[in-house]
Amino acid sequence: MFLRSISIRGFKSFANKSVIKLEPGVTTIVGPNGSGKSNIVDAVLWVLGEQRPKSLRGSTMQDIIFSGSNIKQSLGLAEVTLRLDNNDGAIPIEYNEITITRRAYRSGENEYFLNNTPCRLLDIQEMLSDSGLGREMYSVISQGKLDNILNCKPEARRQLIEGTAGVLKHKERKKRALRKLIATDKNIVRISDILSEI
Ligand code: ATP
């Protein structure tokens, strides 16, 4: 699997649609300070489902939408698409090419698409969970993160190792299953109440 392209529109400093095409191997992006290099990394994290403004170097999630410049008005939405080559079947679905899109509006609404079909964030996370690509999988090490990793506390280091080893996704599944069990327990209590009432 490799990342074929990143399309960015309305995200941070990318007011107009920009498509960054990548080839297998190492790609380096060079540019002066403040030209938007890290914004590209933020865009990748964001499309993979990042929900914490701080991880995207902002204070609110609205900060990721282009806020205007001297020559261009602010925009109402941000959209990022990753195009992944899946010829090696690293992602267990029957597509040789997969596109993942996230769109956000100033109202706070977010939309996710898999191959242009609307889906839930959970669908994207589940699909990527076996591939090593994902928000918590350290496939993206953004600015400042390396220092955090080197200096982090043992608990945080454990999380990092678990994330990389793929244990985290099972922990997430366990959490979701436990939440469902608790909800089911509550329903059973409610049913007992109704039964005894009747
Ligand atoms: P450095 O080399 O200093 O780390 P960089 O090339 O990584 O810089 P970024 O941090 O990616 O640069 O980009 C910073 C630029 O993005 C700033 O000019 C900032 O004004 C702009 N920017 C960030 N968010 C928005 C936004 N919502 N709307 C418009 N511009 C934005």
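Mentor: In helix α2, which spans residues 121–128, the residues Leu121, Ile124, Met127 and Leu128 are buried, where buried means under 20% relative accessible area with a 1.4 Å probe and protein chains only. These four residues lie on the same side of α2 because they cover an arc of only 130° around the axis, the arc being that of the directions from the helix axis to the C-beta atoms. An α-helix has 3.6 residues a turn, so residues three or four places apart point the same way. The buried residues of α2 pack against strands β3 (77–85), β4 (97–105), β5 (110–114) and β6 (117–119); contact here means heavy atoms within 4.5 Å. Helices (H or I, at least four residues) and strands (E, at least two) are DSSP runs, numbered from the N terminus.

The model is predicted, with pLDDT of at least 70 needed for local features and 80 or more for side-chain atom pairs, whereas totals for chains, interfaces and linings use all residues. Residues are numbered from 1 along each chain as its sequence is written, and side-chain values use heavy atoms, with hydrogens and water left out.

As to the whole, the protein has five helices and six strands, which follow the pattern β-β-α-β-β-β-β-α-α-α-α along the sequence. Its C-alpha trace spans about 70 × 40 × 40 Å along the principal axes. Of the 198 residues in the protein, 33% are buried. Among contacts with a separation of 6 or more, 53% join residues 24 or more positions apart.

Ser38 lies in α1 (residues 37–47) and counts as buried because its relative accessibility is 19%. Apart from neighbours within four places in sequence, Ser38 is in contact with Arg57 and Gln143.

A polar backbone atom of Asn39 is 2.8 Å from an oxygen atom of the ligand, a pair of N or O atoms within 3.5 Å being a polar contact. The protein covers 69% of the 650 Å² of accessible area that the ligand has on its own, by the Shrake-Rupley method with a 1.4 Å probe.

Key
Polar contact = N/O pair within 3.5 Å; in protein donor to acceptor, adjacent residues only side chain to side chain. Buried < 20%, exposed > 50% of the residue type's maximum accessible area, 1.4 Å probe, protein only.
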